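Keep the viewer open as you read.

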Amino acid sequence: MATTPLQTVADWPLLFRELALSSHDERLQLFYAGGCPAADTPLADVPFVALDFETTGLDAEHDEIVSIGLVPFDLQRIRVRDARHWLLTPRKEMKENSVVIHGITHSDIDGAPDLHSVMGPLLEAIAGRVVVVHYRYIEREFLNAGIARRVGEGIQFPVVDTMELEAQLYRKGFSSFCGRLFGRKPASIRLGDSRSRYGLPHYAQHDAMVDALATAELLQAQIRHRYSEDTPLSEIWI
């Protein structure tokens with residue numbers, strides 16, 4: 001299994017062109033051939049897709065994806081009509097504590113497909129778009145590891161991490177240092193708490209489809225309050 005190392009890449013469009021030629025799986029070839037926006041693309045011109053997973057645990061090397069939700073959007077519109085949702089049968093047993101969190105039971109996934117069966121439509125849905133997540137160490141690492149287990153090679157793609165954008169404001173820098181110095185509890189950067197700071201409505205959490213929608217709305221709000229439509233993509237992607 002060739003798990004692709006995950007790291008920040010200086011030139012994502014160039015890497016995509018290279019991977020379109022070197023990947024062995026046809027679905028990955030088509031994904032990379034779909035290209036990637038350039039780093040200097042204004043945020044107003046970027047096609048995004050919010051992605052969220054529910055999993056059997058938190059270790060991408062040993063746990064599996066059980067639910068995928070995605071919603072395409074841009075700064076002006078969230079395309080709910082084009083949203084997709086899949087329940088999957090994992091190759092690992094679901095842990096009791098994860099079932100308590102996301103509420104997906106064995107009966108819910110009875111007869112559900114394996115990730116391998118939905119790779120084509122999933123990659124087609126995110127191709128050409130910049131993936132937006134809330135905590136990249138779930139969606140990017142789990143998809144990389146899950147695909148690698150099935151086809152022998154992983155996947156690389158840039159992400160905008162809405163949690164990281166909140167961390168930059170509330171967990172890093174001088175004001176955060178002063179807060180720690182005086183014993184103040186740091187602001188929560190969880191999805192629901194982050195949304196509340198922008199006046200966004202409360203949604204029930206740990207449903208992949210709902211969390212993808214919530215993440216899309218959060219990024220729209222973050223950009224509206226802290227950036228501009230002319231801000232280059234390179235300022236917020238990883």
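H206 sits in the loop between α8 (191-197) and α9. Although H206 is not a glycine, its phi is positive, about 70°.

Before going further, a word on the model: it is predicted, so local features need pLDDT of at least 70 and side-chain atom pairs count only at pLDDT 80 or more, while totals for chains, interfaces and linings use all residues. Residues are numbered from 1 along each chain as its sequence is written, and side-chain values use heavy atoms, with hydrogens and water left out.

**Other loop residues**

Y135 is another residue other than glycine with a positive phi, near 95°. The loop that holds Y135 runs between β4 (130-133) and α5. G35, which follows α2, also has a positive phi, near 80°. G152 lies in the loop between α5 and β5 (159-161). The C-alpha atoms of G152 and H24 are 8.8 Å apart, although 128 residues separate them along the chain.

| Residue | Relative accessible area | Class |
|---|---|---|
| Y135 | 35% | partly exposed |
| G152 | 35% | partly exposed |
| V160 | 0% | buried |

**The chain as a whole**

Nine helices and five strands make up the secondary structure; these are DSSP runs, with helices being H or I of at least four residues and strands E of at least two, numbered from the N terminus. Their order along the sequence is α-α-β-β-β-α-α-β-α-β-α-α-α-α. Of the 238 residues in the chain, 49% are buried. Contacts (heavy atoms within 4.5 Å) reach across the sequence: among those between residues at least 6 apart, 70% join residues at least 24 apart.

In helix α1 (residues 12-22), W12, P13, L15, F16 and L19 are buried. Seen down the axis of α1, these residues fall within an arc of 155°, so they line one face of the helix; the arc is that of the directions from the helix axis to the C-beta atoms. R17 and L21, on the other side of α1, are exposed. The cover over the buried residues of α1 includes α2 (26-33) and α5 (136-151).

Which residues of α2 are buried? They are L28, F31 and Y32. Seen down the axis of α2, they fall within an arc of 90°, so they too line one face of their helix. E26, L30 and A33 are exposed on the other side of α2. The buried residues of α2 pack against α1, α4 and α5.

**The nonpolar cores**

A nonpolar core here is a set of buried Ala, Val, Leu, Ile, Met, Phe, Trp, Tyr and Cys residues joined through side-chain atoms within 4.5 Å. The largest one has 54 residues, of which F48, I68, I155, V160, L219, L233 and I236 touch the most other members. Helix α4 (residues 115-126) gives the most to this core, with six residues. Another core, of five residues, lies apart from it and includes L191, Y198, A214 and A221.

V160 lies in strand β5. Leaving aside neighbours within four places in sequence, V160 contacts F48, V130, V131, V132, V133, L165, L219, L233, I236 and W237. V160 and S234 are 74 residues apart in sequence and 9.7 Å apart in space, C-alpha to C-alpha. L233, not counting residues up to four places away in sequence, touches P37, A38, A39, T41, L43, V46, F48, V130 and V160.

**How α6 meets α9**

Two packed helices are described by the angle between their axes and the distance between the axes. For helix α6 (residues 162-170) and helix α9 (residues 208-226), the axes come within 10 Å and cross at roughly 35°; axes are lines fitted to C-alpha atoms, for helices over the stretch in contact, and angles run from 0 to 180 degrees between N-to-C directions. On the α6 side the contact is made by T162, L165, E166 and L169, and on the α9 side by T215, L218, L219, Q222 and R226.

Notes: Buried < 20%, exposed > 50% of the residue type's maximum accessible area, 1.4 Å probe, protein only.
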